[in-house]
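Open the model in your viewer and keep the selection tool at hand. Each stop below tells you what to pick and what you will find there.

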Amino acid sequence: MKLTILGCYAATPRTLTNPTSQVLEIKNKLFLIDCGEGTQVQLRKNKIKFSKINHIFISHLHGDHLYGLIGTISTFSLLGRTTDLHIYGPKGIKELILLQLKLTESWTTYSLFFHELESKESEVIFEDTKVIVKTIPLKHRVYTNGFLFQEKPGDRKLNVEAVQQYDIHTAYYQKIKGGGDVTLDDGTVIENEKLSFDPIPAMSYAFCSDTVYHEAIIPIIKDVDVLYHESTFLESEAPLALKTLHSTAKEAAKIALKANAKHLVLGHYSTRYDGIERFKEEAAEIFPNVLLGDDGRSFEF
């Protein structure tokens, strides 16, 4: 599982910092999460192929998470895209994008599918044979969702020595990989555990931006492998975080600790600060495995 941070700063884009956008690669699929201004440029800088992005998830309708979307959609057309594109986001996102396409007479060369979200409860919004995506209802100034990406468990790994020892025909191999036992010609049942190894553990990633400290999300993200949680402010600005419905680095760490996450990635930093190292220092007082998100930074898990 690979996470590439395209942008992770709050509010407006600056010369050296970009608003929120990131790409998650999981089970050989690329998912674009949020699409602030400059996303196209960051995709190119990080050598991410536009054509591999078929699903875009928008957390909420604030500009620093959204204003790059219409440009990205239009560029896909200029590049001759023909593959369907699915967009998941709050109700209103379809009207917003289609109005811009209409008034600029920039209809796409491919089909656009909008999946508008209204529920305040966690729900499955995407699923295929390898990955499932659920919403994480957040608490912000407008309707906002985070997203939980979960790999589905893969097949078990064949124990070649064991199947050869029992002289098991290749016709049974797929059944074994699927977890099934095998009955020999003499009626002997060979348990699956003797014929296969556990699959590679399925991984999970939770994206939570923007939100005030909100413990209601903990049951949804319990035991997640990687948690990206907004940390707009340091603890010295905790009253401002509460007023604007954002979180501090320490609060992000508290969520990670209570959710038993394996890793915490910080982001959505306010640009009022000179640097971001203090965010890690404050979070590390609560939670040990802290990673600092930053524009252009990638993490592999």
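A residue counts as buried when its relative accessible area is under 20%, as exposed when over 50%, and as partly exposed in between. Keep in mind that this is a predicted model.

**Stop 1: Arg-156 and Asp-198**

Select Arg-156. Its relative accessibility is 17%, so Arg-156 is buried. At 60%, Asp-198 is exposed. Their side chains meet in a salt bridge, with N to O at 2.9 Å. This pair ties together distant parts of the chain, 42 residues apart. Arg-156 sits in the loop between strand S9 (145-151) and strand S10 (157-158). Asp-198 sits in the loop between strand S13 (196-197) and strand S14 (204-208).

**Stop 2: Asp-128 and Lys-29**

The count of salt bridges comes to six. For another of them, pick Asp-128 and Lys-29, joined at 3.0 Å, N to O. Here 99 residues separate the partners. Asp-128 belongs to the loop between strand S7 (124-127) and strand S8 (131-137), while Lys-29 belongs to strand S3 (residues 29-35). Buried or exposed? Check Asp-128 first. With 19% relative accessibility, Asp-128 is buried. Lys-29, at 27%, is partly exposed.

**Stop 3: Asp-225 and Lys-262**

Next, select Asp-225 and Lys-262. This is a salt bridge too, and the closest N and O atoms are 3.4 Å apart. The pair links distant parts of the chain, 37 residues apart. Look for Asp-225 in the loop between helix H6 (218-221) and strand S15 (226-230). Look for Lys-262 in the loop between helix H8 (249-258) and strand S16 (263-267). Asp-225 has 10% relative accessibility and is buried. Lys-262 has 44% and is partly exposed.

**Stop 4: strand S15**

Stay in this region and select S15. How many of the residues of S15 are buried? Five of its five are. Val-226, Tyr-228 and Glu-230 point one way, and Leu-227 and His-229 point the other way.

Show the strands on either pairing. S14 pairs with S15 in the parallel sense, over four bridges. In that pairing, find Cys-208 opposite His-229 of S15. S15 and S16 also run parallel, joined by five bridges. There, Glu-230 stands opposite Gly-267 of S16.

**Stop 5: His-268 and the annotated residues**

Move on to His-268. This residue lies in the loop between S16 and helix H9 (277-284). At 1% relative accessibility, His-268 is buried.

Which residues does UniProt list for "binding site"? They are Asp-64, His-65, Asp-210 and His-268, from an unreviewed entry. Select these residues together. They span 205 residues in sequence, yet no two of their C-alpha atoms are more than 10.6 Å apart, so they gather at one spot.

**Stop 6: Asp-64**

Asp-64 lies in the loop between strand S4 (53-57) and helix H2 (69-78). Its relative accessible area is 13%, so Asp-64 is buried.

What does Asp-64 touch, leaving aside its neighbours within four places in sequence? The contacts are Ala-10, Ala-11, Pro-19, Thr-20, Gly-36 and His-268. Draw two distances here:

- From the backbone nitrogen of Ala-11 to a polar atom of the Asp-64 side chain: 3.1 Å.
- For the polar contact between the side chains of His-268 and Asp-64: 3.5 Å.

**Stop 7: helix H9**

Finish at H9. Select Phe-279, Glu-282 and Ala-283, the buried residues of this helix. Turn the view to look down the axis of H9. The buried residues fall within an arc of 95 degrees, so they line one face of the helix. An α-helix has 3.6 residues a turn, so residues three or four places apart point the same way.

Now color Glu-277 and Glu-281. These residues are exposed, on the other side of H9. Last, show what covers the buried residues of H9. The cover includes H8, S16 and strand S17 (290-292).

Technical notes:
Residues are numbered from 1 along each chain as its sequence is written. This is a predicted model: local features need pLDDT of at least 70, side-chain atom pairs count only at pLDDT 80 or more; totals for chains, interfaces and linings use all residues. Side-chain values use heavy atoms; hydrogens and water are left out. A salt bridge is a side-chain nitrogen of Lys or Arg within 4 Å of a carboxyl oxygen of Asp or Glu. Helices (H or I, at least four residues) and strands (E, at least two) are DSSP runs, numbered from the N terminus. Buried means under 20% relative accessible area, exposed over 50%, partly exposed in between (1.4 Å probe, protein chains only). Contact means heavy atoms within 4.5 Å. A polar contact is a pair of N or O atoms within 3.5 Å; within protein, one must be able to donate a hydrogen and the other to accept it, and residues adjacent in sequence count only if both atoms are side-chain atoms. UniProt positions are given in the numbering used here, feature names are shortened, and annotations may be inferred rather than shown by experiment. The arc is that of the directions from the helix axis to the C-beta atoms. Two strands pair if DSSP finds at least two bridges between them.
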